[in-house]
Amino acid sequence: MLQSMHTPTNSSTLHLFSNPEKASLYVAQQIADLIRQQQTQGKPAVLGLATGNTPKRVYEELINLHKNEGLSFANVISFNLDEYYPIHPEDTQSYTYFMNRYLFGSIDIKLENIHIPHTNCAANGINEYCKAYEEKIARFGGLDLQLLGIGRNGHIGFNEPGSSFQDTTRLVNLHSLTREDAQTDFGGLENVPHQAISIGIDTIVQARKILLLALGEKKSEIISKALQGEITTRVPASILQNLPHVEYVLDHEAAALIEEAVVA
Ligand code: F6R
């Protein structure tokens, strides 16, 4: 690790790494440590998981740990952050497909312990569905660890700019930048859904530990705003600034515009 410090203006912690590989391995190790620690106490590990490019290397490393070091996921209960609406779980752009491909298909997690918002319910059933998703998280005692990426507009999960910090799981409208960033995956902007189901910011901040991973130069501008700018619903990730149970895990490029990190 290059550097670990309290973020220059607040109480969360910043871990800086020289490259994306090292940052990803650190996150994978944190997750593996939690799973093992819970196992020794005979407890489940309740994980909040993200999709997207950022966590791919983390998941690859978790698979390596499973295959080569016997890390078992038998005690893991997972809740994914979000899913497009509408989308069929078997579509290759769905987050169900993503999670099976990049993690669940290669580890020993029990199928019944996997939770990803399923959005094939009728539109008038969505509110009930979202409420039930929240209740399920609560029934397992809340999230032990939430893994987050960050959108270029500061979203966490699909809590887009303007989302209330009190929001829980619900149907959301996707921001134009979010849809633009997804267009390659969907083979054109016109194919990208306009909506999604996302757990809320209130759900996220209640996790007992939060790891926000950001990699690459494309994230540097929003990372400096989220960590050092005003705490505002215009930058949803800014809510994390003052939370002592938040760790930002950044590679050098993503941290390039953070004032003290650049000097260091
Ligand atoms: C994905 C999610 C999003 C992504 C964010 C960054 O489940 O909730 O908030 O974490 O859009 O995406 P990538 O990692 O593709 O840059």
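Predicted model: local features only at pLDDT ≥ 70, side-chain atom pairs only at ≥ 80, totals over all residues.
Two strands are taken to pair if DSSP finds at least two bridges between them, and strands (E, at least two residues) and helices (H or I, at least four) are DSSP runs numbered from the N terminus. Residues are numbered from 1 along each chain as its sequence is written, and side-chain values use heavy atoms, with hydrogens and water left out.

On one side, β10 is joined by 3 bridges to strand β7 (residues 145–148), and the two run parallel; here L147 stands opposite L211. Strand β11 (residues 246–251) also pairs with β10 in the parallel sense, over 5 bridges, and in β11 the bridge partner of L211 is E247. From β10 the chain passes through helix α7 (residues 220–228) to β11 in a right-handed β-α-β crossover, meaning that, with the strands pointing away from the viewer, the path from the first strand over the helix to the second runs clockwise.

Strand β10 (residues 210–214) is mostly covered, with 5 of its 5 residues buried; buried means under 20% relative accessible area, exposed over 50% and partly exposed in between, with a 1.4 Å probe and protein chains only. In a regular strand the side chains alternate between the two faces of the sheet. In β10, I210, L212 and A214 point one way and L211 and L213 the other.

L213 is also one of the residues touched by S24, together with R57, V58 and L215, leaving aside residues up to four places away in sequence; contact means heavy atoms within 4.5 Å. S24 sits in helix α1 (residues 20–40) and counts as buried because its relative accessibility is 1%.

Turning to helix α3 (residues 95–102), Y95, T96, F98 and M99 are buried. These residues lie on the same side of α3 because they cover an arc of only 160 degrees around the axis, the arc being that of the directions from the helix axis to the C-beta atoms. The buried residues of α3 pack against β3 (45–49), α2 (56–69), β4 (76–80) and β5 (82–85).

Finally, the ligand is surrounded by 13 residues, the closest being T51, T54, D82, H155 and K219; a residue counts if one of its heavy atoms lies within 4 Å. A polar side-chain atom of H155 is 2.7 Å from a ligand oxygen atom. A polar backbone atom of N53 lies 2.9 Å from an oxygen atom of the ligand.

Conventions: Polar contact = N/O pair within 3.5 Å; in protein donor to acceptor, adjacent residues only side chain to side chain.
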